[in-house]
Amino acid sequence: MGLAIGDYGQDGDQDIFVSNAGTSIPDFLTTGDIQDNQRHETRWILMRNESGMKFSNLTEDQNLYGYGFAWGAQFEDLNLDGEVDLLVAQNYVKRPLYKWGPLPGKALLQINAPEGEAFYQVQGLGSENKHFGQSPLIVDLDSDGRADLLWLNMVGPLKVFLNRSEGNFLTVKVPDRVDTLGATVRVTLKGGKTLSRQVIASTGLMTEPTPDVHFGLGQVSEIESVEMITLNGARAEILSPAINGTITLNP
């Protein structure tokens with residue numbers, strides 16, 4: 001149904017999340033013409049990139065098993081704590097059940113809860129979308145450098161939430177060109193920890209995210225360097241940029 005790509009494990013490799021019909025529709029209604037030797041999977045899937053084109057299914061380990069019908073999805077650090085979160089649009093316009101009891105759309109924060117570090121729906125975040133969602137979009141609407149959230153809906157009005165999180169952050173503006181597609185942006189923090197993002201098109205569901213990339217820094221107040229490397233090997237780097245603002249890299 002939907003696709004999100006991002007380095008949720010902060011190990012430099014891009015991980016994959018795929019949304020699905022989930023638990024909302026009985027499996028026998030979605031089998032279609034599937035063959036006996038084919039796998040029928042209706043649940044959400046989170047695949048961690050182990051490098052070398054090998055992936056591990058960590059859906060249950062990361063608390064993403066058992067959710068309902070979903071569409072487009074995006075990874076983003078909403079609360080600017082340095083951990084990548086997950087946004088998932090929900091509700092199926094042709095199923096009357098959702099008109100009477102719509103799903104809220106998911107803003108799942110990656111936090112270290114008593115049950116372990118995983119993705120959790122946090123009460124009181126204030127970013128619900130009970131319309132018939134198509135996809136979340138990430139864009140800095142008020143030009144303050146923080147990643148804001150826009151729910152694009154198939155039926156119902158747009159819903160926009162401005163990010164007022166208090167953590168430190170950095171936004172990297174990337175030229176919207178063919179040669180920057182697939183580029184990797186790395187932020188090296190004071191102390192050596194590295195955060196990474198890739199410029200990836202066509203995630204969500206029939207949507208095109210901004211090429212700009214956003215980094216939550218939590219309480220980190222100093223960055224050693226920011227580097228962008230394109231697929232053809234071109235590089236651009238800025239040393240010791242100021243935090244809580246926007247910089248531009250143009251390889």
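This is a predicted model: local features need pLDDT of at least 70, side-chain atom pairs count only at pLDDT 80 or more; totals for chains, interfaces and linings use all residues.
Residues are numbered from 1 along each chain as its sequence is written, and side-chain values use heavy atoms, with hydrogens and water left out. Local features need pLDDT of at least 70, side-chain atom pairs count only at pLDDT 80 or more, and totals for chains, interfaces and linings use all residues.

Strand 1 (residues 3-6) pairs with strand 2 (residues 15-18) in the antiparallel sense over four bridges; strands (E, at least two residues) are DSSP runs numbered from the N terminus, and pairing requires at least two DSSP bridges between two strands. Within this pair, Gly 6 lies opposite Asp 15. Strand 2 also runs antiparallel to strand 3 (residues 45-49), to which three bridges join it, and Ile 16 has Met 47 as its bridge partner there. Buried means under 20% relative accessible area, exposed over 50%, and partly exposed in between (1.4 Å probe, protein chains only).

Gln 62 is located in the loop between strand 4 (55-57) and strand 5 (70-76). Its relative accessibility is 11%, and it therefore counts as buried. Leaving aside residues up to four places away in sequence, Gln 62 touches Tyr 8, Leu 46, Gln 110, Glu 117, Ala 118 and Phe 119, a contact being heavy atoms within 4.5 Å.

Further along, three strands form an open sheet of mixed pairing in the order 15-12-18. Strand 15 (213-218) and strand 18 (245-248) stand at the edges with a single partner strand each, so one side of each lacks a neighbour in the sheet. Strand 12 (residues 168-173) pairs with strand 15 in the antiparallel sense over five bridges, and Val 172 stands opposite Val 213.
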